[in-house]
Amino acid sequence: MVDQIIVKSLEEALMYLNEKPFLLLAGGTDLMIQNRAVSETPVDFKKDILYISNLSECKYVKFDNENVYIGSLTSLETLSHHEFVPQLLKDTIHEMASPGIRNVATIAGNIGNASPAGDSLVTLYLLDASVKVESLHQKRIIPIENFITGVRKTLLKDNELITEIIIPKKSFSFTSFVKVGGRKADAISKVSFAGAYTVENGIVTDFRIALGAIYQTVLRRKELEKEYTGLSVCTIRSKREEIISRYTPFIQPIDDQRSNKKYRLQVAKNMIGAFIDSMKLI
Ligand SMILES: Cc1cc2nc3c(=O)[nH]c(=O)nc-3n(C[C@H](O)[C@H](O)[C@H](O)COP(=O)(O)OP(=O)(O)OC[C@H]3O[C@@H](n4cnc5c(N)ncnc54)[C@H](O)[C@@H]3O)c2cc1C
């Protein structure tokens, strides 16, 4: 029999975590499925559980001149309608799960799960988001691409929890999130894509691409983005095939129940091509 504790404040949660490790349960939409022996059977948790979904201190969206700050336990549904949330993240969340799931699922849960197919992660990487984690005596702010270290692996320590997601404020000329899944929503991605660019006086001053479900973590190559920044839209479009081929070695998908390597590789390349085709002088 495992301990199951419902905490009512962040301080209380951090005090429990300071004593011993717990499985943190927010919305439970990943954990309830992962901890069933067989589909449609009751969950069987092997570790003591800390229920953190009641922590109202971690449910907010606010901003200052530089960043948008999202409380980690804000539901995906709340974020999908919130006026301060970047439009690209709202577009992404609209393609995640169903309204019922989104009402209980949290953004911290999507990050904590660290699935290569986690949809919000693709957009959070693209937007240069950071994750704030707290323990009783320490706070750390870590760029998301460093926080997630592999398939279902993060830098989170046993005595910490994610308390906030920080997204630099940035306006782009155009942003796009595209997901290929078995259905439009309520399906885990076979491949997902986020892109953004800014054009000033005909020159692309910001060019970003991120892909999900085609590598162990989200794929974003800032060194390639830099190479294609400072060029005109026409020049980037003329380099379409070159850009796709530069990304191709980094696209290393796996075969699983949802799709296979060959399909995922082709779809990922098509998504990059379609994004470049859609670029406008603005
Ligand atoms: C029907 C269905 C459809 C789905 N569709 C999608 C989809 O389209 N796209 C997608 O990306 N996902 C999808 N999911 C997966 C899931 O809903 C999301 O990953 C969701 O964001 C998880 O949030 P949660 O609060 O329920 O996480 P939980 O299940 O509570 O936790 C998930 C993980 O995060 C950790 N965690 C939770 N909160 C914290 C915290 N504050 N600090 C540190 N660690 C924490 C937990 O310990 C656990 O390891 C779907 C799930 C279902 C059941």
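Domain bounds are those of an automatic or database domain assignment. For this protein, the assignment gives domain 1 (4-168) and domain 2 (174-277). The structure is a predicted model, in which local features need pLDDT of at least 70 and side-chain atom pairs count only at pLDDT 80 or more, while totals for chains, interfaces and linings use all residues. Residues are numbered from 1 along each chain as its sequence is written, and side-chain values use heavy atoms, with hydrogens and water left out.

The centres of domain 1 and domain 2, taken over C-alpha atoms, are separated by 25 Å. The size of an interface is often given as the accessible area lost when the parts come together. Here, the area buried between domain 1 and domain 2 is about 1,900 Å², with carbon and sulfur atoms giving 58% of this value; buried area is the accessible area (1.4 Å probe) that two parts lose on being put together, summed over both. Of the area that domain 1 buries against domain 2, 34% is supplied by Glu-95, Val-122 and Leu-126, more than by any other three residues.

The ligand is surrounded by 33 residues, the closest being Leu-24, Thr-29, Asp-30, Thr-106 and Lys-179; a residue is near a molecule if one of its heavy atoms lies within 4 Å of it. Each of domain 1 and domain 2 contributes at least three residues to this shell. By residue class, the shell comprises 19 nonpolar, nine polar and five charged residues, where Ala, Val, Leu, Ile, Met, Phe, Trp, Tyr, Cys and Pro count as nonpolar, Asp, Glu, Lys and Arg as charged, and the others, Gly among them, as polar. Secondary-structure elements are DSSP runs numbered from the N terminus, namely helices (H or I, at least four residues) and strands (E, at least two). At least two shell residues come from each of strand 2 (23-25), helix 2 (31-34), helix 6 (107-113) and strand 10 (161-168). Helix 6 provides the largest share, five residues.

A polar backbone atom of Leu-24 is 2.6 Å from an oxygen atom of the ligand, and for Ala-187 the corresponding distance is 3.3 Å. For Asn-113, a backbone N or O atom lies 3.5 Å from a ligand oxygen atom.

Most residues other than glycine have a negative phi. Ala-97, in the loop between helix 4 and helix 5 (99-104), has a positive phi near 50 degrees. Ala-213, in the loop between strand 13 (203-212) and helix 9 (222-227), has a positive phi near 70 degrees.

Definitions and conventions
Polar contact = N/O pair within 3.5 Å; in protein donor to acceptor, adjacent residues only side chain to side chain.
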